[in-house]
Amino acid sequence: MIGTSLSDKLGKQVIIDNRAGAGGVVGTEIASKATADGYTLLVISLAHAVNPWLYKLPYDRSRTSCDRRDGLRPNVVVVHPSLPVNSIKD
């Protein structure tokens, strides 16, 4: 449902690939190896913040996260700094 709705709103096909396992480590590893072209979005739970203390991570967490410690943003959108965007609309 979410993929179809996003596809309609964005005018582009959206594919949701749920990769369960190891508190999000499996899916995060796949996303971290994706081409940095602005077309991969990782949505991850709070487990992402504690995984470095639970697992030996197969990716560089500092390059796959945007931590907010003020508790006001349960989700964030992170894009490669070379993309000329400043908002969700962009």
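E29 has a relative accessible area of 23%, which makes this residue partly exposed; buried means under 20% relative accessible area and exposed over 50%, with partly exposed in between (1.4 Å probe, protein chains only). The side chain of E29 meets that of K33 in a salt bridge, with 2.9 Å from N to O. The term salt bridge stands for a side-chain nitrogen of Lys or Arg within 4 Å of a carboxyl oxygen of Asp or Glu. K33 counts as exposed, at 61% relative accessibility.

The model is predicted: local features need pLDDT of at least 70, side-chain atom pairs count only at pLDDT 80 or more, and totals for chains, interfaces and linings use all residues. Residues are numbered from 1 along each chain as its sequence is written, and side-chain values use heavy atoms, with hydrogens and water left out.

The structure holds two salt bridges. Besides the pair E29 and K33, D17 forms a salt bridge with R19, where the closest N and O atoms are 2.9 Å apart. D17 is partly exposed at a relative accessible area of 46%, and R19 is partly exposed at 41%.

As for the overall fold, the protein has three helices and zero strands, in the order α-α-α along the sequence. Helices (H or I, at least four residues) and strands (E, at least two) are DSSP runs, numbered from the N terminus. Of the 90 residues, 14% count as buried. The protein exposes about 7,600 Å², and carbon and sulfur atoms supply 55% of that area; accessible areas come from the Shrake-Rupley method with a 1.4 Å probe, and for residues only the protein chains shown count as cover. Among contacts with a separation of 6 or more, 39% are between residues 24 or more positions apart, a contact being heavy atoms within 4.5 Å.

Helix 2 covers residues 25–32, and V25, G27 and T28 are buried in it. Seen down the axis of helix 2, the buried residues fall within an arc of 165 degrees, so they line one face of the helix; the arc is that of the directions from the helix axis to the C-beta atoms. G27 has a relative accessible area of 16%. Leaving aside residues up to four places away in sequence, G27 touches R19 and L42.

V50 belongs to helix 3, residues 47–54. V50 is partly exposed, with a relative accessible area of 42%. The C-alpha atoms of V50 and G23 lie 9.2 Å apart, while the two residues are 27 residues apart along the chain.

The largest pocket holds about 1,700 Å³ of space. Its lining has 36 residues, of which G38, Y39, T40, L41 and L42 are the closest to the centre. Helix 1 (2–10) and helix 2 each supply at least two residues of this lining, and helix 2 gives the most, with four residues. On a 1 Å grid over the protein atoms alone, a pocket is an open set of points where a 1.4 Å probe fits, with protein on both sides within 12 Å along at least five of seven lines, and lining residues have an atom within 4 Å of a point. Grid points are joined across faces, edges and corners, and a volume is the space filled by probe spheres set on the points.
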